[in-house]
Amino acid sequence: MTTVMWVLGILLFVLGLLFSIAWHELGHLSTAKLFGIRVPQYMVGFGRTIWSRKKGETEYGLKAIPLGGYIRMIGMFPPGADGRITQRSTSPWRTMIEDAREASYEEVRPGDEDRMFYTRKPWKRVIVMFAGPFMNLILSFGLYLVLFMVIGLQIAVPTIGSVSQCVVAAGKPTDSCPADAPASPAAAAGLRAGDTILSFGGDQISSYAQLQADIRKSPGQTVPIVVERGGQQLTLSATLTSNTVTKVDKDGYPVKGETVTAGFLGFAPAVGVDHLSLGESIDEMAVNAKHGVSALIALPGKIPGLWHAIVSDDPRPADSPMGMVGAARLGGEVFSQDRPLSQQLTFMVGLLAMINLSLFLFNMLPLLPLDGGHIAGAVWESVRRRFAALFRRPDPGPFDVAGLMPAAYVVAAVFICFTGLVMVADVVNPIRLN
């Protein structure tokens, strides 16, 4: 049964990923057709075509490798400087440029002269290229709303889950107490698992984050603690001590590898479900987006760690970059564990929301062949045309994005190598749930 659930988890993730890809390409397709650009192909996946059907002037299909997708628009690049589709030379860079230009004209038919991508105004091209990542952003937004408002967010609550019997520094084993370890203030005060802390030092407690902040700023103080136990309110007294604890950022997230000396009570909070409001959900999405941007910026610095994870037996860090293979494995792992179905679905919704947010951020990088590279080219064309009009100079015409194809091939090669490195790491040393 465990194997069946593991496979089910992977299949659900793959289906979610395929939908995310199809949804992305639908953004490009719908806006391209809206602006009269001819689209010969709409494909989900890469490699060999396993199913296709032509409707109108567009072939819709599914390919064997579900790691991306594309739509083919005619005339992505303007003609060469001599007004022709191709112009050849002995330069390998020029060959790259003209090969790309020729490929964009392969399916141009008589009468398509005014239906090519490059003939559209820059703002229309920006919309067409932005529509794909924007669809991922919309899907991520919708999934996060379901996660935060409908399913609810699992958060620490000011209820005691377990009491530490002794004072142990962060990062040290907590399953047993050293002989010289003093008793924890929580144990000495008589706190028990299941107690809900109503006030701490006279402050009414509404969240665990508030309670944690109050505890950390009270080392050495003796404070009254009002708890609810079995339907009754009790007032206990605890003398807090100082201890080495994990540092948290302003959003309440632990900072990996960093500790601080602060007040210590000695308990682990229980976990509850909090259904956020729309405003709270948007704030939480903003936090996730900020962490996504930070992770994207830090990506190059993670490459040595990926290589180390492949060639060594050390456990792979939890913040290591993870590809679609690793994400699928996590989906299978969650479904194979003895967890309530609600928790399994919650994890899958959160995983797909995060992936769609990452797809939006990644595709907005102003680099070819990503959507952001085409957006940057259209914006630059608009800027230089406006400057030409302002200074009464001749219209410079369309910006030839094909001239950047050598750089695009380099970027694509780097992405392919990085994807391969992540995939190998996901196979030989995957990130696992704790």
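Me: Where is Val 424 found?
Reply: Val 424 is found in helix H11. Bear in mind that this is a predicted model.

Me: Why does Val 424 count as partly exposed?
Reply: Its relative accessibility is 39%. Buried needs under 20%, exposed needs over 50%, and partly exposed is in between. At 39%, Val 424 therefore counts as partly exposed.

Me: What makes the nonpolar patch on the surface, and which residues form it?
Reply: Phe 46, Ile 65, Leu 67, Met 423, Val 424, Val 427 and Val 428 form it, with about 570 Å² of accessible area together. Two elements give two or more residues each: strand S2 (58–72) and helix H11 (405–428). The largest share, four residues, comes from H11. Patch members need over 30% relative accessible area. Val 424, at 39%, passes that cut-off.

Me: Leu 421 lies in helix H11. Is Leu 421 buried or exposed, and how do you know?
Reply: Leu 421 has a relative accessible area of 16%. The limit for buried is under 20%, so Leu 421 is buried.

Me: Which residues does UniProt list for "transmembrane region"?
Reply: The unreviewed UniProt entry lists 126–151, 345–365 and 407–428.

Me: How much helix does the chain have over residues 126–151 and 345–365?
Reply: Residues 126–151 are 100% helix and 0% strand, with end C-alpha atoms 36 Å apart. Residues 345–365 are 90% helix and 0% strand, and their end C-alpha atoms lie 31 Å apart.

Me: How many aromatic pairs does a search of the whole structure find?
Reply: The search finds 10. One of them is Phe 130 with Phe 134, with ring centres 5.4 Å apart and planes at 25°.

Me: Why is the pair of Phe 130 and Phe 134 called stacked?
Reply: Ring centres must lie within 6.5 Å to pair, and planes under 30 degrees apart count as stacked. This pair has 5.4 Å and 25°, so the pair is stacked. Both residues sit in helix H3 (residues 122–151), four residues apart, which means a separation of about one helical turn. Phe 130 and Phe 134 form one aromatic cluster with Phe 360. Phe 130 has a relative accessible area of 30% and is partly exposed. Phe 134, at 35%, also counts as partly exposed.

Me: What makes the aromatic pair of Tyr 208 and Phe 267 edge-to-face?
Reply: The planes are at 85° and the centres are 6.4 Å apart. The pair links distant parts of the chain: Tyr 208 is in helix H5 (residues 208–216), Phe 267 is in strand S10 (residues 267–274), and they are 59 residues apart. Edge-to-face needs over 60 degrees, so 85° qualifies, and 6.4 Å is within 6.5 Å.

Me: Are Tyr 208 and Phe 267 buried or exposed?
Reply: Tyr 208 has 17% relative accessibility. Phe 267 has 12%. Both values are under 20%, so both residues count as buried.

Me: How many salt bridges does a search of the whole structure find?
Reply: The search finds nine. Among them is Glu 57 with Arg 115, the closest N and O atoms being 2.8 Å apart. That pair links distant parts of the chain, 58 residues apart: Glu 57 is in the loop between strand S1 (41–55) and S2, Arg 115 in the loop between H2 and H3.

Me: Why is the contact between Asp 195 and Arg 229 called a salt bridge?
Reply: The N to O distance is 2.8 Å. The cut-off is within 4 Å, so the contact qualifies. Asp 195 has a relative accessible area of 1%; that is under 20%, so Asp 195 is buried.

Me: What links Arg 385 and Asp 395?
Reply: A salt bridge, with the closest N and O atoms 3.0 Å apart. Arg 385 is in helix H10 (residues 371–390), and Asp 395 is in the loop between H10 and H11.

Me: Why does Asp 395 count as exposed?
Reply: Its relative accessibility is 55%, and exposed means over 50%, so Asp 395 counts as exposed. Arg 385, at 26%, counts as partly exposed.

Me: Where in the protein is confidence lowest, and where is it highest?
Reply: Helix H2 (residues 92–104) is lowest, at a mean of 72, and H3 is highest, at 95. The protein averages a pLDDT of 86, and 94% of the residues score at least 70.

Terms used
Residues are numbered from 1 along each chain as its sequence is written. This is a predicted model: local features need pLDDT of at least 70, side-chain atom pairs count only at pLDDT 80 or more; totals for chains, interfaces and linings use all residues. Side-chain values use heavy atoms; hydrogens and water are left out. Patches are made of residues with over 30% relative accessible area and no salt bridge: like charges are joined within 9 Å, nonpolar side chains (Val, Leu, Ile, Met, Phe, Trp, Tyr) within 5 Å. Accessible areas come from the Shrake-Rupley method with a 1.4 Å probe; for residues, only the protein chains shown count as cover. A salt bridge is a side-chain nitrogen of Lys or Arg within 4 Å of a carboxyl oxygen of Asp or Glu. Buried means under 20% relative accessible area, exposed over 50%, partly exposed in between (1.4 Å probe, protein chains only). UniProt positions are given in the numbering used here, feature names are shortened, and annotations may be inferred rather than shown by experiment. Rings of Phe, Tyr and Trp (its six-membered ring) pair if their centres lie within 6.5 Å; planes under 30 degrees apart count as stacked, over 60 as edge-to-face and the rest as tilted. pLDDT is the predictor's confidence in each residue, from 0 to 100.
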